[in-house]
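Subject: The structure, and some notes on it

Hello,

Here is the structure I promised to pass on.

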Amino acid sequence: MKCQKIIIDTDPGIDDAMAIFFAGLSDKLDLVAMTSVFGNVTLDIATRNAMVLAEILKQKIPVSRGFSKPLVQIPNPVSDYVHGEEGFGDIPAREPKSKELSIPAHEYICDLINANVGEIILCPVGPLTNIAMALRHDPTIAAKVKSIVIMGGGVFSGGNVTEYAEANIWNDPHAADEVFAADWEVTVIGLDVTQKVICSHSEFSELSRNVPIIGSFLEQATEFYIRFYKEAVGIDGCQMHDPITVIATIYPDLFTYEYHPIEVCLESPRIGETIICKNKKRRPAKVAVDVDIDAVKKIFFDTIKTGF
Ligand code: RIB
Ligand code: CA
C-alpha cells in the first residue's frame, strides 16, 4: 500500500505525543507536517513540543505555528491539570534544535493541500481554529483534501470538560462549527469511541522495556496523565483520544459509523456540544460510534515497538 500523506494539527499534549509518535513510526503513514495550535498548552509550548517530538523521532518533520486563541470566544484556561505545565506531565521542558517554519499554519495547510490534490488526510487533534482559518483562506481546499479525520466532540457520549462539551470543540466552538459546515468528507473520532480505549501504566512500562527512548518518554508522561484520570474520572489508565484518531486514518474498518450532519452549540450552557443538525442543510459526517478496542491498542503498541 502507498504511504498515506497526513498533516497533524496538534496541541501537544500527552495523547498528542502518542499520536505523533504513531504517525512518525507507521510504515503506512507519511507525516508531511505538523501544525501547532493552542489548547492543552499555550501556542508557544505547543509549537516547541511539536518540534521536540520530531527530534525524539529523529525525523525532519516541518512544524508551522498556528493560532494562539479561538476565533470568537475568550480563551479557556490551558489543561495543565491534565497534561502538565509543559505539556508532557512531569517531564521538564526542553528546547528543540530545529526551527519552526515562517509560514503560518493555515497558509501552510492550504499550500500543502494544493500541492498534493486528493492525497492528504488532514488530522486535527486540537481545537479547530487553524482548520477554520485555512478554509477561510482558501475554501477550495475542501474539495482538494482527501478527507479530514477529527478528534473532537461526542455526539452521543456528552462531554469531558463540561457535561456537554469535549475539550477540542469547547476550546473553539465557532471554528468547529465552520469546519462541520464545510462541504468535505469529515470523519469524527469523538468521545463516543475514544473514551472506550484505555491503556494502563503497565502497558507503557512494557513499551519502555522494548523501546527505551520513546517508551520511557511515554511511560513518564503518562504517569501524570493516568493520575489525572484516576482522580477525575475514576479509571486506572488513560484514554487514547489522539492516537486512535490517527489510527482511524489508515484503519477505518476498525470503527463502525453512523452518518449525520453535525453542528456545534454556540450558546451557554451547552456551548461546545456536537449535535445532529435538525434544520441546517449540511453534508453528513461519518461519526464513529464503536471501535475494536483490542485491535487499535495492538496496532498502537506494535507500531511503536517495531517502528523505532
Ligand atoms: O478531549 C480530548 C482531546 O483534548 C485530545 O485531543 C486532548 O489532547 C485534548 O486536546
Ligand atoms: Ca490534542
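Angles under 35 degrees count as roughly parallel, over 145 as roughly antiparallel, 65 to 115 as roughly perpendicular, and the rest as oblique. Before I use that, some housekeeping: this is a predicted model, where local features need pLDDT of at least 70 and side-chain atom pairs count only at pLDDT 80 or more, while totals for chains, interfaces and linings use all residues. Residues are numbered from 1 along each chain as its sequence is written, chains are lettered from A and ligands numbered from 1 in the order written, and side-chain values use heavy atoms, with hydrogens and water left out.

**Two helix pairs**

H4 and H5 pack at an angle of about 60 degrees, their axes 8 Å apart (axes are lines fitted to C-alpha atoms, for helices over the stretch in contact, with angles from 0 to 180 degrees between N-to-C directions). H4 and H5 are therefore oblique to each other. On the H4 side, Ala105, His106, Glu107, Ile109 and Cys110 meet Asn130, Ile131, Met133, Ala134 and His137 of H5 (contact means heavy atoms within 4.5 Å). By class, the residues of this contact divide into six nonpolar, three polar and one charged.

Helix H1 (residues 14-25) packs with helix H2 (residues 43-57) at about 40 degrees, and their axes are 10 Å apart. This pair is therefore oblique too. Here Ala17, Ile20, Phe21, Gly24 and Leu25 in H1 meet Leu53, Ile56 and Leu57 in H2. That contact has seven nonpolar residues, one polar and no charged ones (Ala, Val, Leu, Ile, Met, Phe, Trp, Tyr, Cys and Pro count as nonpolar, Asp, Glu, Lys and Arg as charged, and the others, Gly among them, as polar).

**Two loop residues**

Asparagine 116 sits in the loop between helix H4 (105-115) and strand S4 (120-124) (helices, H or I with at least four residues, and strands, E with at least two, are DSSP runs numbered from the N terminus). Is asparagine 116 buried or exposed? At 17% relative accessibility, asparagine 116 counts as buried (under 20% relative accessible area; exposed is over 50%, partly exposed in between, with a 1.4 Å probe and protein chains only). The side chain of asparagine 116 reaches the backbone oxygen of leucine 112 at 2.8 Å.

Threonine 140, in the loop between helix H5 (129-137) and helix H6 (141-144), is partly exposed, with a relative accessible area of 39%.

Best wishes

Terms used. A polar contact is a pair of N or O atoms within 3.5 Å; within protein, one must be able to donate a hydrogen and the other to accept it, and residues adjacent in sequence count only if both atoms are side-chain atoms.
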